[in-house]
Amino acid sequence: MNDISATIGGLLARMERVEKELDALKNGQNEILSILNQAQGGWKLVVYVGSSAAAVVGIAAVAFKTFWGPQ
């Protein structure tokens, strides 16, 4: 009987620790969701600026190759 009580006590302690960890994960997930909600369209601006910069570099590379490249 003593072994069973010790095993149950150990399992209960582990379960409490797992519940605390799950609560911490939920809180972290809620914080991430809050940050993403605040960002709203900010990621679209980053994508637009990045793609615009890539297009400008591509055009500059073609122009450089066309006008100053080997002839």
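User: Which residues make the nonpolar surface patch?

Analyst: Met15, Val18, Leu22 and Leu25 make a nonpolar surface patch of about 380 Å². This is a predicted model, in which local features need pLDDT of at least 70 and side-chain atom pairs count only at pLDDT 80 or more, while totals for chains, interfaces and linings use all residues. Residues are numbered from 1 along each chain as its sequence is written, and side-chain values use heavy atoms, with hydrogens and water left out.

User: What makes a group of residues a patch?

Analyst: Patch residues have over 30% relative accessible area and no salt bridge; like charges are joined within 9 Å, and nonpolar side chains (Val, Leu, Ile, Met, Phe, Trp, Tyr) within 5 Å. A salt bridge is a side-chain nitrogen of Lys or Arg within 4 Å of a carboxyl oxygen of Asp or Glu. Areas come from the Shrake-Rupley method with a 1.4 Å probe, and for residues only the protein chains shown count as cover.

User: Why does Met15 count as partly exposed?

Analyst: Buried means under 20% relative accessible area, exposed over 50%, and partly exposed in between (1.4 Å probe, protein chains only). Met15 has 48% relative accessibility and therefore counts as partly exposed. Met15 is placed in helix H1, residues 2-39; helices are DSSP runs (H or I, at least four residues), numbered from the N terminus.

User: Why does Phe64 count as exposed?

Analyst: Its relative accessibility is 53%, so Phe64 counts as exposed. Phe64 belongs to helix H2, residues 42-68.

User: Why is H2 said to lie largely in the open?

Analyst: The number of buried residues among the 27 of H2 is zero, so H2 lies largely in the open.

User: What makes Phe64 and Trp68 a tilted pair?

Analyst: Rings of Phe, Tyr and Trp (its six-membered ring) pair if their centres lie within 6.5 Å; planes under 30 degrees apart count as stacked, over 60 as edge-to-face and the rest as tilted. By this rule there are two aromatic pairs. Phe64 and Trp68 are 6.0 Å apart centre to centre, with 35° between the planes, and form a tilted pair. Phe67 and Trp68, at 6.1 Å and 70°, form an edge-to-face pair. Ring pairs link Phe64, Phe67 and Trp68 into a cluster.

Definitions and conventions
Helices (H or I, at least four residues) and strands (E, at least two) are DSSP runs, numbered from the N terminus.
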